[in-house]
There are 2 protein chains.
Amino acid sequence: MDKKRYSKPLSLRSVQVTDDFWKKEMELVRKEVIPYQWNALNDQVEGAAPSFCMRNFKIAGKQNQERKAQGESYQEASYTFRGFEALPENPEHLEDKFYGFVFQDSDFYKWIEAVGYSLTQHPDPELEKTADEAIDIVCAAQQEDGYLDTYYILNGKDKIFSNLKDHHEMYCLGHLVEGAVAYYEATGKDKLLNAAKRYADYVKERFGKEEGKSKGYPGHEIAEMALVRLYETTGEEKYLNLAKFFVDQRGTKPYYFDKEQPEEAAKDPDGIRYEYYQAHMPVRQQEEAVGHAVRAVYLYSGMADVARLTGDEELYHACEKLWKNMTEKKMYLTGGIGGTHIGESFSFNYDLPNDTAYAETCASIGLIFMARRMLEIKPDSRYADAMELALYNTVLSGMSLDGKSFFYVNPLEVNPEACHKDERKFHVKPVRQKWFGCACCPPNLARLLSSVSSYAYTETEDTLFVHLYMGSKIQKRIGEQEAEIIITSGFPANGHVEIQVKGNDQPFTLALRIPQWGRQYKLEGAEDGAIQVKDGYLYVKKVWKEGETLKLEFPMEVQVLQADNRVRENIGKVAVVRGPVVYCLEEADNGKNLHLLTMDCSKPCTEVREEIAKEPIIAILAQGSREKLTQTDGSLYMPVKQAEKEPAELHFIPYYVWANRGENEMTVWVRRD
Amino acid sequence: MDKKRYSKPLSLRSVQVTDDFWKKEMELVRKEVIPYQWNALNDQVEGAAPSFCMRNFKIAGKQNQERKAQGESYQEASYTFRGFEALPENPEHLEDKFYGFVFQDSDFYKWIEAVGYSLTQHPDPELEKTADEAIDIVCAAQQEDGYLDTYYILNGKDKIFSNLKDHHEMYCLGHLVEGAVAYYEATGKDKLLNAAKRYADYVKERFGKEEGKSKGYPGHEIAEMALVRLYETTGEEKYLNLAKFFVDQRGTKPYYFDKEQPEEAAKDPDGIRYEYYQAHMPVRQQEEAVGHAVRAVYLYSGMADVARLTGDEELYHACEKLWKNMTEKKMYLTGGIGGTHIGESFSFNYDLPNDTAYAETCASIGLIFMARRMLEIKPDSRYADAMELALYNTVLSGMSLDGKSFFYVNPLEVNPEACHKDERKFHVKPVRQKWFGCACCPPNLARLLSSVSSYAYTETEDTLFVHLYMGSKIQKRIGEQEAEIIITSGFPANGHVEIQVKGNDQPFTLALRIPQWGRQYKLEGAEDGAIQVKDGYLYVKKVWKEGETLKLEFPMEVQVLQADNRVRENIGKVAVVRGPVVYCLEEADNGKNLHLLTMDCSKPCTEVREEIAKEPIIAILAQGSREKLTQTDGSLYMPVKQAEKEPAELHFIPYYVWANRGENEMTVWVRRD
């Protein structure tokens, strides 16, 4: 680790994404997701279960005001804390109480984060006004002492922090901070930021290594990375210290969570059940990615942040090991992670079932968080390769082309009949859903997509790192000058990239990622530069002439891939990719019973321009065979004979556009001839 | 249906099994399972959770006596009926109350049934004395009114029959009847039979189509077929009527079970949740085998019984349809049924996953029950083929070669790592277990194996049907004469069968099943007989000369099979069978990573005599390849290339001996080259 060489993400205010492909996604977020989500937060989506999110804040604010008016202190409440407060039988008769999940507040925080990012790319006074008013509502709910979590405010503040393991107070803190920082950075308005600081201060006073303070840590991680961000925004080291405390404390013995539920402790002294929370052993000792996948990558992101800022080599190496384990033994071809729906978790090494995959959209988003943080510490294209894979495949697959429906789970193989009839696959949906009761993926998608350029670029004083290629206009300070860097990119349709630097006469380095799939790239221009390739990045250092353009051509060719044969599910199978895009077969193009198809890998594939739900795509046609359906006299089993096959053209489409034509079979992996 | 042509099973007292293969199984039951189970029933197995079965009967008996002595009537008790009463924290402090599962009584009934069968083959005065004393204990618990279920006797008789859906009172009645009849047939002692009749009478008075009687039916079926058996044993038609009532009533609307839990009814007016109980629609309308597989085949057995005795064509056709669906779309190659552990149920058509199979031992036993009943109505070798498959494979696989441990679940593919680490496969055990808390499979195995000849043979006045080939000495009345029929069989080692008829000079027919795998059989002898083949049976009618021997040679050759390609799990795979025996690959013979092996079906297989845990078997060697483990730089995915393979000899062993050499990988289906 070399602190001097760390890079940091570009501020979103310094980047305008001009890329057609990504702008479309960002516009969907702005025009569809953000307004829909605002309605959802306010229980105004017909047919959807109410969220109660804003309602909870309002009631907490009202009670706050009443208490203040009457000079009362907070009343203790008697309440059974169960983590979820369902709608009453008669929805007309809502009481002045908390409804929804224990983490319901976070829905607003994710929304305001996405709003913040979106405003940097597309100023929108009306949206900003709505956001400001919403912030007023949220801040009114904050307690005088700084505490802010409506579940406990409305149900009994005497019980706060009594169930860190499952009750998400720290998770809500984390999302509050993320949202507040994003909104502050976008608008300069600090009301929510101050509320976040006050709540963080409240927590800091109660948790820490100092005697008398609680030794607890979050059940669902995110506060770690959020507090680092708060430190980086405010410069106040106490927030970094709190993040570091949470990271250091996690998984140490005696287990903090045992104190909360002592009756469980004796049955499982090794804390196996805490693997779900990545709290089974100190984080520095963890070498295998286990448990709830989203939590895991949120934790690892926080670990990487803390390692970077404290120069903690041991912690950094733990991150490297976990990354390696995750991407070399537990990641789907699509950049999905989480092999099992049980606990929404990682399965064991090389266990990557395609049809019962979890591969949650949020988990791939978290993988992207971690990758960016690892890149900040040490640019290595392996991180960006996985980031790209997750982004173009699992993340984009998470949202329909019209931005109106979402996947939580991103399987690599779907037989709709099984999804409907086989309880083992009930978690796999053959079509995207409008919204979820537990609405984590859509807002997570919104905040990622509207800030996608902060994953594309990081910088040091004299270097711009390009991790992902997308059309952008970038302002970058170089010495005393403000340079403008204009990037155009054909991704994912083609691998053509052009970069132009303007308004600068200082030596300056472009560090351009060479994708793992694009090692046979061609570079044109910058012939007079100092050119070096290291860890998958092409470093071009030179004084750029005004308007000088560098051209890069990455060969975006069809590749047929196989998996390490330790992955039992994929034995004898191949998959088709093109550049960063993973392809799949859909029933809509290939008929039913996709398992009867085989691909002849010796024959060339052809590319065809098509549209799917008006989205232009490049389809891939491959040669193969289709086994005829068994003709049977009723016997399920019969003497072996040569399979009766007929030639078939396999029609592949990008995985990210699947399930936009109604319910049908899909598979990424296809048997090879 | 032709009543005159119905056959009926031979009494066990008319058959002595002399077959080495089956005698060994029966001796294991007699020497290992029955004594072990008796200890288990009496909570005397160290290390195993106590059963409380006999203890519950004793306490109920004691309270009975006390009440009688004090002239008290039954006291109502207040108790929360939860279906299971766990051991107290301190096992020293047992109270005088019910412990265990709601169906705990049935454990004794299954035991006494196995004891009865065993005594017919191997008289054992000491065992009979133990059994008689146990019967005294059980009968002492019976209430004066005839009711007999210790769960309700000890917890509150006022609540009896209030939860037919889940509380197994009728199930216990069914097993009581089965056990009582078996013991009566073996010993002529009718004490338990009378208790069974009294309980059946009690139920008959309360359930039936007559006005004022309850319209309920059993949640877990078995009473249907048991009551038919009681009718056939006693000649009392009321028992047949009760069985018919239960069959007729099942699944009619309004659903009886809705009355028990009305709050659920509105949510699911179509009774989808009652598929588990096969109570979602009237049984005559059912065409697809659904729900809990054991319950299903128990019901279908009862349906076949009622159809046979009442000449109910519609009911019989329902049985035929359900059988067809089950065996043509939902049966594993091993005769296992139940594609999913969720609800221990059938999955949808053609969904037969190998590694998450349920294929419960008891379900295959139930399949055998049904098959025999269908054969009684109409001899057709399809029924006996499936019976044979289930018996030689799933049923035998259910017990270890030493008779000391058992499989509940019989998967067709096992990776032990997955069983330990992947919760989706926790139900799949890579090694057999000593005993189960819910001890249904071991005693079910005991009762089946010790009565196996009643599945091998049925008879009409002048015909002996041989459905399964096993060495036996059979007494059969033909006209005025008592003939002796001596059968020797090489199954499953070879297909040689000899049948000799003695002491008879009347014309008489041997109806010999031609197995689906043995259609190229050779017949020797009986040249002067009238020979006819019909529905897979070879009918040889003649007057048998004293000592005349008929020889049959079924070609027990290695066959390589494939599955209907609608079974997605088996696409591109083959399996090896030899006669009735399905084979598998084990890690012990073939090394780890069985998925890397492929079989070359064009090369011949060879047979080798071997021993596994001292059991002589015929192993099969096949030619194939082993793909080398991927050499990787850490990438999980890589450009496709020709698989690196080395020649490999595939060493197959009978499925029924798998997992007798410690924990290891196993697979029935192997990829074809």
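This is a predicted model: local features need pLDDT of at least 70, side-chain atom pairs count only at pLDDT 80 or more; totals for chains, interfaces and linings use all residues.
Residues are numbered from 1 along each chain as its sequence is written, chains are lettered from A in the order in which they are written, and side-chain values use heavy atoms, with hydrogens and water left out.

Between the chains, 61 residues of chain B are in contact with 61 residues of chain A, where contact means heavy atoms within 4.5 Å. The area buried between chain B and chain A is about 5000 Å², and carbon and sulfur atoms give 53% of that area; buried area here is the accessible area, taken with a 1.4 Å probe, that two parts lose on being put together, summed over both. On the side of chain B, the residues that lose the most area to chain A are B:Arg424, B:Arg568 and B:Tyr637, which together account for 17% of what that side buries. The rule finds 4 salt bridges across this interface, a salt bridge being a side-chain nitrogen of Lys or Arg within 4 Å of a carboxyl oxygen of Asp or Glu. B:Arg424 also meets the side chain of A:Asp351 in a salt bridge, at 3.2 Å from N to O.

Over all chains, the structure holds 123 salt bridges. Within chain A, the side chains of A:Arg308 and A:Glu376 meet in a salt bridge of 3.3 Å, N to O. Because A:Arg308 lies in helix 12 of chain A and A:Glu376 in helix 14 (residues 361-377) of chain A, the pair ties together parts that are 68 residues apart in sequence. Helices are DSSP runs (H or I, at least four residues), numbered from the N terminus.

Helix 12 (residues 293-310) of chain A also packs with helix 8 (residues 223-234) of chain A, at an angle of about 35° and with the axes 7 Å apart; axes are lines fitted to C-alpha atoms over the stretch in contact, and angles run from 0 to 180 degrees between N-to-C directions. Among the residues that meet there are A:Met225 and A:Tyr231 in helix 8 of chain A and A:Val306 and A:Arg308 in helix 12 of chain A.

In chain B, helix 9 (residues 237-249) and helix 12 (residues 293-310) pack at an angle of about 125°, with their axes 10 Å apart. That makes helix 9 of chain B oblique to helix 12 of chain B, since angles under 35 degrees count as roughly parallel, over 145 as roughly antiparallel, 65 to 115 as roughly perpendicular and the rest as oblique.

Key. Helices (H or I, at least four residues) and strands (E, at least two) are DSSP runs, numbered from the N terminus.
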